[in-house]
There are 2 protein chains.
Amino acid sequence: MIHIAVLGFGVVGSGTVKLLHDNAESIRRRCGEEIRVKKILDLRDFPDSPYASLITHDFAEIAEDPSITVAAEAIGGIHPALEFTLALLRAGKSVVTSNKELVAAHGTELLAEAEKHGAYYCFEASVGGGIPVIRPLKEDLGGTNAIERIDGILNGTTNYILTEMKEKGVSFEKALRQAQENGYAEADPSADIEGLDACRKIAILAAVAFGRMPDVSAIPTEGITRLRERDGAFAERLGYAIKLIATARRAGEGKFSAAVRPCFVPREHPLYPVSGVFNGVLVKGNYVGDVMFYGRGAGAEPTASAVAGDIVNIAEAGKGNRFSWTDAAEGEMLPPSVFPHRYYLAFSGVSGAAGIPAERTSAADGETAVITPPLTRDELAALQTEILSRGGEVLSVLEVL
Amino acid sequence: MIHIAVLGFGVVGSGTVKLLHDNAESIRRRCGEEIRVKKILDLRDFPDSPYASLITHDFAEIAEDPSITVAAEAIGGIHPALEFTLALLRAGKSVVTSNKELVAAHGTELLAEAEKHGAYYCFEASVGGGIPVIRPLKEDLGGTNAIERIDGILNGTTNYILTEMKEKGVSFEKALRQAQENGYAEADPSADIEGLDACRKIAILAAVAFGRMPDVSAIPTEGITRLRERDGAFAERLGYAIKLIATARRAGEGKFSAAVRPCFVPREHPLYPVSGVFNGVLVKGNYVGDVMFYGRGAGAEPTASAVAGDIVNIAEAGKGNRFSWTDAAEGEMLPPSVFPHRYYLAFSGVSGAAGIPAERTSAADGETAVITPPLTRDELAALQTEILSRGGEVLSVLEVL
């Protein structure tokens, strides 16, 4: 029998407890042992829950219980999740988590602490909800492939909003309100719509793929709040969908770049059909080519599936994952502008697109939209200057994936 | 240093040797040990290959070399792959393979033999080429989710043919010829186009998901040779694509069903955009919901990626996968007809579709096509009888996914 503790009895914590109960028999068959939740830490009481008797308000009851060998941290945020995780790892207990903020900010330190004490720190649930992506990236592709790039739709809230805007023609504000009403967006949605949530997740994927955790604040991050409805209309006409894409790319020996920004995604691209609250992660390896992982990126049950997967892998001897990475040093992170890209450019005040290099063009209501050939940042800047010098105004610039 | 042998120096075998050479440094970092190919078994000589000196024609040189601990079987087919695999496992050597035919026919016996001798028998490369699917199904979703169903596009040749027919309007014969010219189809393409290759793969996925390996000959299997060009035209008009879908479903306690057949796949379905030589595997778990794995299902490099992944996992202490399943007993496999389905039905000779239950209808050139509501097999049979009794002729019946 393996005793575990669950920290935080919110959406993810209670989902995990429920899964471990519902699927207890198949889990026992898989590990050869029963996994039992011994304690649940929360500030509140849950008198009506079938697990009321397991609730404790005292972290020490878990930290000092030698029978508890694994804890699921589902508190979220940095404090006190960091202090609790450190204390548990130092006591030799393994910790699994869905807490992307903590992994992105303190993962390197926590992994080192876990290794030092013979424990595991696992975080499959921190990226892509229930989609298996961290472990496949490490165990199936790790070492056997040089990972060249990762492109992900990693935030279900923004993808839901963009899908509603595209398919139902609603405004950003209305789509956001719907997302909140359906429980897909927080009351304060800024971490989602400003791209920070996706930024933390791509940082984690970059660390798994490249062995170095970038500083989240060093990743150029743009959310979806500055998109114009007309950009969506042009995307549709030109054969694209606007998606919030988080990217990490190898950029020469020991270097990589990362970014989060809304992109024009071509119809033939594997991420194009990833709609609504679904997430998709496209990984390109030097041997495997393009591989995509797709599924529900959030929600109690999918996230619980990933949390439970980590617990079960730790419980099954030898299956736990030890990651080791370092924090990225200065100069290891390059700006995405080192790569040339196609761009979507919308402008007004220039008669037509004469002289503007364009692979596709559309015009409506006094605006012209073009898809440029691949341009360096310098070439893009020169093009913008050219439009200005011809009396025009640049209204939107988005990267084409 | 870990010494391995490669059996068969064809597409997969030579791809594996090349990968282990090209990515040697990252593999060494991953496992902490170098992996070196010591012997390559093939009937032929390869005087111009950089690996010519490793070629042997004598299996005993591998079986009796105590320094070789892992072998990659890339011979294909049943004989002599079965005898070689058995001999290696009995000598305590682990075997990894891309040989779906052998795994589907003798997997149960070979896994038992591996376990008995403390060795591994791994076959990630046998399904979906380079796409990680066997290990995620076992390690990420295994135990923590009751797998409810698996639907896969598992054969790249047929998917290429169907995609060409749909997108370029070419005939089956022409698309097949193109596939052969591009190296996507064998000179004798029957195992692909008759559905047998997909059938073996869904049998393997069913065994991993449900713990019992069905007899391949008990799985209702229909290929793509009987499709009419007009079925493709109706699919297009009604909002579907025709794909060869392999399905395994839980069907009550201890029972499951499996089938391979061309289906009408709705535009909103995650498998709809899986085109050309790509494969996609959609897995539904009771907690994770829908998860899809997508990538190149064949080819030297993707398949080598999966073969190498198994080798590296065995080399890394504790990471090897021991599967245990039994052969399905009588009564465990149910026909897919236990589930009601929507159907595409094309018929002629009945005036319109009056009285035929239809969610969508299309008509052209004297034929009527309908998408029925969900019907049991009995209801479908009754409907076909009804059409006949009204002087009509049923021209096509396909399941809607």
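Let me start with one residue. Asp197(B) counts as buried because 27 C-beta neighbours lie inside 10 Å. The cut-offs: 20 or more other C-beta atoms within 10 Å is buried, 12 or fewer is exposed, in between is partly exposed, with C-beta atoms placed from the backbone.

A word on the source. This is a predicted model; local features need pLDDT of at least 70, side-chain atom pairs count only at pLDDT 80 or more, and totals for chains, interfaces and linings use all residues. Residues are numbered from 1 along each chain as its sequence is written, while chains are lettered from A and ligands numbered from 1 in the order in which they are written.

Back to Asp197(B). It is found in helix H10 of chain B, residues 196-210. Helices here are DSSP runs of H or I, at least four residues; strands are runs of E, at least two; both are numbered from the N terminus. What does Asp197(B) contact, leaving aside neighbours within four places in sequence? Asn155(B), Ala191(B) and Asp192(B). Contact means C-beta atoms, placed from the backbone, within 7 Å.

Now the pair of chains. A rotation of 180 degrees, with 0.0 Å of shift along its axis, superposes chain A on chain B at RMSD 0.0 Å.

How many residues of each chain are in contact? 44 of chain A with 44 of chain B. On the chain A side, the elements giving two or more residues are helices H2 (24-31), H6 (134-140) and H12 (300-315), plus strand E12 (289-296). Five bridges join E12(A) to E12(B), and the two strands run antiparallel. Pairing takes at least two DSSP bridges. Val291(A) stands opposite Gly295(B).

Last, the domains of chain A. Domain 1 is 2-132 + 303-325, domain 2 is 134-296 + 329-336, and domain 3 is 340-400. Those bounds come from an automatic or database assignment. Between domains 2 and 3 of chain A, 10 residues of domain 2 are in contact with 11 of domain 3. On the domain 2 side, H11(A) gives the most, with five residues. The C-alpha centres of these two domains are 24 Å apart.

Methods:
Least-squares fit on C-alpha atoms with pLDDT ≥ 70 in both. Contact = placed C-beta atoms within 7 Å.
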